Amino acid sequence: MTLTIPFDNSYARLPNSFYARQAPVPVRAPRLIAFNADLAKILKVAPGDVEEMAETFAGNTLPEGAEPIAQLYSGHQFGNYNPQLGDGRAVLLGETVGADGIRRDIQLKGSGPTPFSRQGDGRAWLGPVLREYVVSEAMHALAIPTTRALAAVETGEIVLREGPMPGAVLTRVAQSHLRVGTFQVFAARGQLDSLQRLTDYAIQRHYPDADGPMGLLRGVVDAQSRLIAAWMSVGFIHGVMNTDNCSIAGETIDYGPCAFMDSYHPNTVYSSIDRMGRYAYSNQPDIAVWNVAQFATALIQQMDNKEAAVEEATEIVHAMPGKMQENWLRRFRAKIGLATEEEGDLELISDLLTRMAQNQSDFTNTFYALAGDSARDQFTDPAAFDDWSDGWRARLGREQDPTAVMTAANPAFIPRNHRVEQMIQAAVQGDYEPFHRLNTVLSRPYEDQSDAVDLTRPPTDSEIVHATFCGT
Ligand code: AMP
Ligand code: MG
């Protein structure tokens, strides 16, 4: 068996100023942790033997057809513009066109320094690599657009973080790594030819029906509106919604200090670096609009008639909160069993959420329990639920099959933060059983898995993870 990846690269055909040619830097003793055979099939990647895959996915050997590059981008980090970021610890090996006709990037993350590394070592440690593997694959199983994980390897090297940690490399797969920040860097530098070239490339790759830059903007507004509503519907908090982590393809990208909420509260923040709560759960829709506004600002630089462009872009961006709200309402209607629309549905949903926040209700378990008869147990004061449920049941009386609607909309299994942390701690000790188990269970999030009820349990007081770290 020889690992073969049918590369068909397009980004490496773009001008030199879009990237730096950069091979991954070899590591001492690669060992394969995981290879995602299901994803490999979609990519038309033929697996090789274990040693060969370890060497390749660690970056020690370049597969045939790879043209490794580190991509240039910039971005707003926590609202402040950083004029140059770029792949500081990742290289794009190339692209494949999958069995489904979709072009995807194959990128090594944690593959060593690049010209964009600034002060960083270009490496990743095992914890964030496994976190991204588990959480991104769980997102995919929840049918939420996301980058995916093709492989994870240990490097046999130590990286220094809070202390010495085992190094690792993740093979990330994305519909592309184009970010808002990829456009910002050319706009900010006044490199309008590059900006136009990038715009054409993005349209061709992701929004072939879009008519020019404003068409592209519309496409991204729609994709991000759907994405953020999907996050909200499963209690996902991204944690670092900087413009360099905002994908033009509308995928969830860059799993850093992300987390799924346990008990519901709109102000929930996990990220240890988000002291102001900029990226709190309930701020995510507003931040997405802000990010897309930065995208619009960048796109406009290439327009001949700036005044008209500003007017059109403003209108498009101003329509985004409404679109997000529409997506949000559709998803939350389904979560409480509503397939039809009535006035008053929004109030019904909001009232439930308010009561959940006041009663430390577990987000996932409360919605999951709505299809049964134990939802009231999720409230510190069960009467708060009973009060709400009278009106809800009356509303359900006008629905065909609310149970089926709820079952399809409310997962039983999400990657709970404390389980992810426990999994990482075990892996650091050499025990990968929890990692593999999480992947298996989370691949079927809507199914009753009676042997995995422990993974539906919220954290005990001592298990609660109060802060998540970028840990990069
Ligand atoms: P992130 O917060 O993961 O979106 O990364 C922000 C920027 O920091 C990107 O340009 C990364 O490439 C860079 N970066 C993060 N970690 C490292 C690292 N260990 N070495 C070099 N660059 C890094
Ligand atoms: Mg990033």
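Q: Which helix gives the largest share of the lining of the largest cavity?

A: Rolling a probe the size of a water molecule over the atoms shows where empty space is left. Here the largest share, 4 residues, comes from helix α6 (residues 212-234); helices (H or I, at least four residues) are DSSP runs numbered from the N terminus. This is a predicted model, where local features need pLDDT of at least 70, side-chain atom pairs count only at pLDDT 80 or more, and totals for chains, interfaces and linings use all residues. Residues are numbered from 1 along each chain as its sequence is written, chains are lettered from A and ligands numbered from 1 in the order in which they are written, and side-chain values use heavy atoms, without hydrogens and water.

Q: How many cavities of 30 Å³ or more are there?

A: A cavity is a set of points, on a 1 Å grid over the protein atoms alone, where a 1.4 Å probe fits but cannot get out; lining residues have an atom within 4 Å of a point. The count is 3, and the largest cavity holds about 60 Å³. It is lined by 13 residues, of which Q224, W231, M241, N245 and C246 are the closest to its centre.

Q: Why is the pair F332 and F363 edge-to-face?

A: A pair of aromatic rings is described by the distance of the centres and the angle of the planes. Rings pair if their centres lie within 6.5 Å, and planes over 60 degrees apart count as edge-to-face. For F332 and F363 the centres are 6.4 Å apart and the planes at 70 degrees, so the pair is edge-to-face.

Definitions and conventions: On a 1 Å grid over the protein atoms alone, a cavity is a set of points where a 1.4 Å probe fits but cannot get out, and a pocket is an open set with protein on both sides within 12 Å along at least five of seven lines; lining residues have an atom within 4 Å of a point. Grid points are joined across faces, edges and corners, and a volume is the space filled by probe spheres set on the points. Helices (H or I, at least four residues) and strands (E, at least two) are DSSP runs, numbered from the N terminus. Rings of Phe, Tyr and Trp (its six-membered ring) pair if their centres lie within 6.5 Å; planes under 30 degrees apart count as stacked, over 60 as edge-to-face and the rest as tilted.
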